[in-house]
Amino acid sequence: MKILKNAVAGTLESSDLFIQIEPDEKELTLEIDSVVANQYMDSIRAAVLETLKEFDVSTGKIFIKDKGALDCVIRARMETALKRGGVETL
């Protein structure tokens, strides 16, 4: 599946993250800016990629500004952004 339209989810408040997604027919681009990148970048990236896999999304642009969100928050915000972007699970 692919992302059909631009969408956002989340906030820039502490312990949250802001996600912006955009369609892209060719490739998957993932940009993450996090205040806890030194400690948790691998975990953040894994949560995002696992959520994309659950929705079978292989192309699109994902921009994330993280303010220390927990794993469950990352997954929930990703799911919300993807559903707003026109992607549904199979």
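1. Glu-50 and Arg-75 form a salt bridge, with their closest N and O atoms 2.6 Å apart (a salt bridge being a Lys or Arg side-chain nitrogen within 4 Å of a carboxyl oxygen of Asp or Glu). Glu-50 sits in helix H1 and Arg-75 in helix H2, 25 residues apart. Shared partners join Glu-50, Asp-71 and Arg-75 into one network. Glu-50 is partly exposed at 39% relative accessibility, as is Arg-75 at 25% (buried is under 20% relative accessible area, exposed over 50%, partly exposed in between, with a 1.4 Å probe and protein chains only).

2. This is a predicted model, in which local features need pLDDT of at least 70, side-chain atom pairs count only at pLDDT 80 or more, and totals for chains, interfaces and linings use all residues. Residues are numbered from 1 along each chain as its sequence is written, and side-chain values use heavy atoms, leaving out hydrogens and water.

3. Do look at Arg-77 too: this residue forms a salt bridge with Asp-16, the closest N and O atoms being 2.8 Å apart. Arg-77 belongs to helix H2 and Asp-16 to the loop between S1 and S2, 61 residues apart. Asp-16 is buried, at 8% relative accessible area.

4. Four strands make an open sheet with mixed pairing, in the order S1-S2-S4-S3 (strands are DSSP runs of E, at least two residues, and helices of H or I, at least four, numbered from the N terminus; two strands pair if DSSP finds at least two bridges between them). S3 and S4 run parallel, joined by seven bridges.
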